[in-house]
Amino acid sequence: MQNFDLGKEGLRALNSALHALKGQTNMTAWEVVNPKGAHAIAAGVDAPVDITVRGSTGYYCAGMNKQATIRIKGSAGPGVAENMISGTVIIDGNASQYAGATGRGGLLVIKGNASSRCGVSMKGIDIVVHGSIGHMSAFMAQSGNLVVLGDAGDALGDSLYEARLFVRGSVKSLGADCIEKEMRPEHLALLADLLKRGEADGMARPEEFKRYGSARNLYNFNIDNASAY
Amino acid sequence: MTDLPRTPPRFSATFTPAVNAEIRRAAASGIYDIRGGGTKRHLPHFDDLLFLGASISRYPLEGYREKCATDVWLGTRFAKKPIHLDIPVTIAGMSFGALSGPAKEALGRGASAAGTSTTTGDGGMTEEERGHSKTLVYQYLPSRYGMNPDDLRRADAIEVVVGQGAKPGGGGMLLGQKISDRVANMRNLPKGIDQRSACRHPDWTGPDDLEIKIHELREITDWEKPIYVKVGGARPYYDTALAVKAGADVVVLDGMQGGTAATQDVFIEHVGMPILACIPQAVKALQDLGMHRKVQLIVSGGIRSGADVAKAMALGADAVAIGTAALIALGDNDPMWEEEYQKLGTTADAYDDWHEGKDPAGITTQDPELFKRFDPVLGGRRLKNYLKVMTLEAQTIARACGKNHLHNLEPEDLCSLTIEAAAMAGVPLAGTSWIPGRNGGF
């Protein structure tokens with residue numbers, strides 16, 4: 001176990017040490033203490049390591065993560081796990097806006113609530129939120145899965161493409177071109193797997209969710225749809 | 001009855017034949033006009049400035065004998081690895097998707113041979129461009145198509161795109177007919193659909209967030225890469241100041257003459273400011289902050305010749321970027337394809353339907369049959385020649401002004417031909433000491 005006191009050693013030293021792990025796997029467990037809401041903690045890691053941050057993080061923690069498992073034992077500021085490529089990020093507390101923005105792969109688990117624009121422009125990431133999500137979540141979401149055990153705010157999935165959204169509670173309103181879709185057996189199986197990987201099995205059953213996706217009416221410009229924008 | 005002369009037909013200056021044609025087109029289709037390129041209207045531009053040249057009060061340098069340097073360093077503020085270019089004319093961001101793979105390769109070949117950089121675009125980094133560009137600037141755009149940390153790290157600089165001159169405040173658009181399998185795969189979207197690129201970044205809003213975003217990008221790349229911030233010419237004083245405050249190494253400022261792959265004609269023609277009006281405001285912001293020449297300024301939008309390069313630099317820019325001019329150098333809009341332009345209802349030098357993907361020159365297309373027509377080696381050579389000519393032209397002017405480096409050109413070397421240009425550029429009207437709005441009288 002590598003212990004790192006962020007308050008004493010500073011962010012640059014941490015990220016520099018984590019980036020140096022690329023291609024190595026012999027230092028697999030890291031603990032970061034005194035994060036004190038610093039920005040860009042463990043951003044750009046590219047190694048199969050396990051990093052535990054003891055406390056809350058600022059903006060862009062685990063940004064562009066590849067391979068690493070990053071656990072935040074607190075809450076996360078805006079843009080946590082933005083553009084994640086692979087690996088896993090698990091937040092014990094809440095996440096601020098843009099959680100998992102543009103994520104291309106990997107798994108983001110938020111055990112509390114997520115603010116607005118959760119999964120904005122997501123491109124393949126899986127996001128599991130144990131609580132609720134704010135407005136404009138999954139805006140222009142391209143692919144991947146967003147699972148919400150609680151409720152969703154206004155304009156869910158506005159202008160989304162092929163991402164799949166699963167919400168267990170209420171949806172305040174759907175965004176442009178987002179509709180409820182049939183939950184078929186393959187979706188139930190997918191959801192069961194996501195709940196398990198998202199440390200939420202036993203908290204909810206797949207049958208309790210509704211599925212939302214793109215109506216695909218806005219995929220090609222049509223003047224008759226102008227009022228939808 | 002006598003044959004009295006009749007009043008000849010008189011066209012309206014307001015309802016011109018072109019205006020009327022657009023009204024008829026809109027009435028028939030119900031859709032606004034979409035096209036590529038930059039503004040086509042007449043604007044105050046570099047043509048409205050002249051160099052004074054040396055005389056008794058200043059002495060010139062000997063052409064062909066006395067050195068006039070052209071190199072430029074970009075990213076000296078924070079980056080561990082700033083960029084050094086031989087010439088101050090860079091290639092602006094143009095996406096793979098908007099352009100064919102061979103066209104991107106040609107840009108890389110030409111720029112590298114001339115000692116300058118190319119820039120990716122809203123579609124990610126292609127092997128053609130990375131492989132052929134000695135110095136490659138990787139754009140960080142709202143869409144984040146193709147964005148990944150490996151490409152960030154193999155770029156030579158990162159350009160955070162906030163806006164562009166053709167459409168400040170607007171997002172991108174790549175219509176379905178240009179979405180080939182490869183383009184769709186790079187952008188993680190279904191083939192054949194219209195691809196909208198957002199107008200705002202998905203994970204930051206405003207200058208305070210931008211500062212944190214730039215910090216993240218520096219952390220991911222271990223503070224090695226210069227970070228540019230690109231803005232469209234709208235409020236250049238404040239945008240430049242805020243970019244500097246947010247930690248930019250370089251500010252890229254694109255006037256409304258700057259091109260786009262596709263957007264609404266009404267946007268291109270009616271939003272933004274000409275580059276001539278933008279440069280002095282950006283330079284003033286840098287000077288007010290004590291950052292002129294410390295944060296470098298790259299300007300673009302209608303740069304066509306070495307004279308334009310020299311004028312932009314005399315106004316205070318560190319370098320310029322070209323997009324449309326580079327495409328023309330490659331062979332875009334060449335009269336050799338006139339027969340095919342006619343079939344498309346247009347003519348050489350006016351073709352701007354780049355979004356349709358039918359470019360006869362094989363440059364702004366994803367159609368393999370069309371881009372086979374384009375030879376990237378020949379295109380690269382043409383671009384290199386053009387860049388060399390621009391540089392020689394700028395040097396010629398600088399020597400005539402007694403400058404041994406293009407960066408030594410200054411506003412005092414210029415005069416304006418029109419009152420508008422004098423006011424915008426902050427350069428006295430020719431034959432006077434008058435800068436409207438500054439010193440009151442003659």
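1. Chains in contact. In this predicted model, 21 residues of chain B are in contact with 35 residues of chain A, two residues being in contact if their C-beta atoms, placed from the backbone, lie within 7 Å. Helix α6 (residues 206-220) of chain B gives the largest share of the side of chain B that touches chain A, five residues. That side divides into 10 nonpolar, five polar and six charged residues. Here Ala, Val, Leu, Ile, Met, Phe, Trp, Tyr, Cys and Pro count as nonpolar, Asp, Glu, Lys and Arg as charged, and the others, Gly among them, as polar.

2. Conventions. Residues are numbered from 1 along each chain as its sequence is written, and chains are lettered from A and ligands numbered from 1 in the order in which they are written. As the model is predicted, local features need pLDDT of at least 70 and side-chain atom pairs count only at pLDDT 80 or more, while totals for chains, interfaces and linings use all residues. Helices (H or I, at least four residues) and strands (E, at least two) are DSSP runs, numbered from the N terminus.

3. The sheet of chain A. In chain A, 11 strands form an open sheet with mixed pairing, in the order β1-β2-β3-β4-β5-β6-β7-β8-β9-β11-β10; two strands pair if DSSP finds at least two bridges between them. At the edges stand β1 (2-5) and β10 (178-181) of chain A, each with a single partner strand, so one side of each has no neighbour in the sheet. From one strand to the next the twist averages 15°.

4. Strand β9 (residues 164-167) of chain A runs antiparallel to strand β11 (residues 210-214) of chain A, and three bridges join them. A:Leu165 stands opposite A:Tyr212 in β11(A). Helix α3 (residues 185-197) of chain A lies across β6 (107-110), β7 (123-129), β8 (143-148), β9 and β11 of chain A, and runs at about 70° to β8(A). Axes are lines fitted to C-alpha atoms, for helices over the stretch in contact, and angles run from 0 to 180 degrees between N-to-C directions.

5. The eight-strand sheet of chain B. This open sheet of eight strands has parallel pairing and the order β5-β15-β14-β12-β11-β8-β7-β6 (chain B). Its edges are β5 (89-91) and β6 (117-119) of chain B, each with a single partner strand, so one side of each is left without a neighbour in the sheet. The twist averages 30° from one strand to the next. Within the sheet, strand β11 (residues 227-232) of chain B and strand β12 (residues 250-254) of chain B run parallel and are joined by five bridges. The bridge partner of B:Tyr228 in β12(B) is B:Val250.

6. Helices on the chain B sheet. Helix α9 (residues 275-288) of chain B packs on the sheet and touches β12 and β14 (296-300) of chain B, its direction making about 170° with that of β14(B). α2(B) lies across β5 and β6 of chain B and runs at about 155° to β6(B).

7. α2 and α14 of chain B. The axes of helix α2 (residues 101-114) of chain B and helix α14 (residues 376-400) of chain B come within 7 Å and cross at roughly 40°. That makes α2(B) oblique to α14(B); angles under 35 degrees count as roughly parallel, over 145 as roughly antiparallel, 65 to 115 as roughly perpendicular and the rest as oblique. The crossing is right-handed, meaning that the near helix is turned clockwise from the far one by less than a right angle. Among the residues that meet are B:Leu107 in α2(B) and B:Leu383 in α14(B). The contact of α2(B) with α14(B) divides into 11 nonpolar, three polar and four charged residues.

8. α7 and α9 of chain B. The axes of helix α7 (residues 236-245) of chain B and α9(B) come within 8 Å and cross at roughly 40°, which makes α7(B) oblique to α9(B). This crossing is right-handed. By class, the contact of α7(B) with α9(B) has eight nonpolar, two polar and one charged residues.

9. Two residues of chain B. B:Ile397, found in helix α14 of chain B, is buried, with 22 other C-beta atoms within 10 Å. B:Gly169 lies in the loop between β8 (157-161) and β9 (172-174) of chain B and is partly exposed, with 14 other C-beta atoms within 10 Å. A residue is buried if 20 or more other C-beta atoms lie within 10 Å of its own, exposed if 12 or fewer, and partly exposed in between. Leaving aside neighbours within four places in sequence, B:Gly169 is in contact with B:Gly163, B:Cys199 and B:Val271.
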